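Trainee: Hi, I've just opened this one and could use a guided tour. Can we start with the rings and go on from there?

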Amino acid sequence: MLTAIIVGAGHRALTYASYAQQHPDELRIVGVADPIEPRRRLVAELYDLAPEQCYASAEDLAAQGKQADFIINGTMDHQHVSTALPLLAAGYDMLLEKPFATSEAELWQLVDAVQKYDRKVAICHVLRFAPFYSAIRQKILDGAIGEILNIQAVEHVSYHHMAVGFVRGKWNNKKRCFSPMLMAKCCHDLDLITWMKSGVAPVRVASFGSNFQFRPEKAPPGAGTHCLVDCPIEPDCLYSARKHYIDHPQRWAFYVWDVLQHDAKDQANKNASANYETLTLAEKIESLKTNNPYGRCVWKCDNDVVDHQSVAIEFADGATATLNMVGGAAKPARLIHIVGTHGEIQGTLEESRFVIRHIDPRPGCETAETVIDLRIGGDMSGAFGGHGGGDLRLMADFVHLLKGEPRSISTTTLEDSVNGHLVGFCADRAMEEKRVVEVTRR
Ligand SMILES: NC(=O)c1ccc[n+]([C@@H]2O[C@H](COP(=O)([O-])OP(=O)(O)OC[C@H]3O[C@@H](n4cnc5c(N)ncnc54)[C@H](O)[C@@H]3O)[C@@H](O)[C@H]2O)c1
């Protein structure tokens, strides 16, 4: 039986912590640290915690010395390193959300601390644990397509995900969230590319991108500033807040109604609930009409991040890779196509199915194909959470690692998670400075 403490009791940390409810014989949640009182209270109720097991911050928790085996750190992007450092010093191992740093300086600070204190830290690169990607990685390790010479990765971010995360929401402005869209959304894809090429360093990066669509000049004629307040075109608008958040009550609810939890008066009000399920329709509409940022027109927000970006990467062995991130797509999709010296692998995460093609030079032949359909193994059942079933498989993997079991192919050291992040930082520099950037390690 291992014990864990939640630091940053938001949507992500609670998702991972739910592993303790599914596997009470393996994991117990024995504490929470979060400045928001209703969130601490929700966790205390869920996991039967006493008041002395609830802390106002990561720093307060660290000051008490080690109280559990590991930390589930689900704070926001720019808080990952500052909250991790005192906890690593206090003796904890850690599951740490991505992007695990918002600059190269922070990234190396964390790497140094993990080495200095000799802790186990796993980054929540949940897609590595989705059966779709781990099966592809296993094929690469088995030599199924020879040496990788090129990887093409694509992420289409759906119109509603784009609007909630990167136009109206928490990751829409670098001055506030410190992560550009590439790092906030696609550090997974960059990690997958560098993980597939594990052991070969990325050396040069080029990148292009912009905010093509979500700016005032692109607003439809007559659009107001708030969907439910002053917008005559709202009934016909593809991005109406009413259509996205009221007509689809479950879609992104944990972001859209979060504002009510963060509200200062809620923190003072001991009866305020961190549970958005209890909100009435009238309360939701009133919120979208007043102080809720998700009630704003998508063309008239304070967003400064891109809505599409392309990245080209060169590796030390001469192999290349591209990532195309496109926000505002009708349907979410993650595609990957890996070409090796003996064959290729091509698939779509959402279909949980990929094809392996081999060169077949025999007379009358050209290509031999094998279809790997992971749906047959229950991959799409949802029992393992979001991200293609990666969320709770990652949690299981980390728990097993701490119990002394060998590392899986998906759990690597922090050093091996560094490459994808380095590519991301370099890509943004390349895009902004309009030049090719060399990836430097210290
Ligand atoms: N792995 C994935 O696929 C994935 C998906 C979505 C989001 N994320 C990442 O997960 C992280 C968390 O996202 P979220 O939406 O759950 O965030 P959130 O804002 O809901 O939760 C963060 C919590 O941290 C708390 N906090 C702030 N300072 C703290 C401190 N000093 N000590 C303790 N707690 C503190 C906040 O009060 C808040 O409750 C982000 O970095 C995000 O980028 C990862």
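This is a predicted model: local features need pLDDT of at least 70, side-chain atom pairs count only at pLDDT 80 or more; totals for chains, interfaces and linings use all residues.

Trainee: Okay, back to rings. How many aromatic pairs does the rule give?

Mentor: The count comes to twelve aromatic pairs. One of them is Trp 171 with Tyr 255, an edge-to-face pair at 5.5 Å centre to centre with 70° between the planes.

Trainee: Why does that pair tie parts together?

Mentor: Trp 171 is in the loop between α8 (159–167) and α9 (174–177), and Tyr 255 is in helix α13 (residues 253–256), so the pair ties together parts that are 84 residues apart in sequence. Helices (H or I, at least four residues) and strands (E, at least two) are DSSP runs, numbered from the N terminus.

Trainee: Are Trp 171 and Tyr 255 buried or exposed?

Mentor: Both Trp 171 and Tyr 255 are buried. Buried means under 20% relative accessible area, exposed over 50%, and partly exposed in between (1.4 Å probe, protein chains only).

Trainee: And what about Trp 252 and Phe 254?

Mentor: Their ring centres are 6.1 Å apart and their planes at 75°, so that pair is edge-to-face. Trp 252 is buried too, with a relative accessible area of 16%.

Trainee: Which charged side chains sit over a ring?

Mentor: The charged end of Arg 137 sits over the ring of Trp 195, 5.8 Å from its centre. Lys 197 lies over the face of Phe 315, at 5.8 Å from the ring centre. The rule asks for NZ of Lys or CZ of Arg within 6 Å of the ring centre and within 35 degrees of the ring normal.

Trainee: Switching to the ligand. Which residues come nearest?

Mentor: There are 30 residues around the ligand, and Asp 34, Arg 39, Asp 77, Lys 170 and His 188 come nearest. A residue is near a molecule or strand if one of its heavy atoms lies within 4 Å of it. By class, that shell has eleven nonpolar, eleven polar and eight charged residues. Here Ala, Val, Leu, Ile, Met, Phe, Trp, Tyr, Cys and Pro count as nonpolar, Asp, Glu, Lys and Arg as charged, and the others, Gly among them, as polar.

Trainee: What lies 2.8 Å from an oxygen atom of the ligand?

Mentor: That's a polar side-chain atom of His 188. The side chain of His 80 has an N or O atom 3.1 Å from a ligand oxygen, and for Tyr 16 an N or O atom in the side chain is 3.5 Å from a ligand nitrogen.

Trainee: How much of the ligand does the protein bury?

Mentor: Taken alone the ligand exposes 870 Å², and the protein buries 92% of that. Accessible areas come from the Shrake-Rupley method with a 1.4 Å probe; for residues, only the protein chains shown count as cover.

Trainee: And which element gives the largest share of the shell?

Mentor: That's α1, with three residues.

Trainee: What about the backbone? Which peptide bond is cis?

Mentor: The one from Lys 98 to Pro 99, with omega near -20°. Pro 99 is in the loop between β5 (93–96) and α6 (104–117).

Trainee: What is the phi of Asp 48?

Mentor: Asp 48 has a positive phi of about 55° although it is not a glycine. Asp 48 is in the loop between α3 (37–47) and β3 (54–55), and at 69% relative accessibility it counts as exposed.

Trainee: Last one: where is Gln 309?

Mentor: Gln 309 is in strand β9 (residues 308–315) and is buried, with a relative accessible area of 1%. Its side chain makes a polar contact with the side chain of Ser 207 at 3.0 Å. A polar contact is a pair of N or O atoms within 3.5 Å; within protein, one must be able to donate a hydrogen and the other to accept it, and residues adjacent in sequence count only if both atoms are side-chain atoms.

Methods
Residues are numbered from 1 along each chain as its sequence is written. Side-chain values use heavy atoms; hydrogens and water are left out. Rings of Phe, Tyr and Trp (its six-membered ring) pair if their centres lie within 6.5 Å; planes under 30 degrees apart count as stacked, over 60 as edge-to-face and the rest as tilted.
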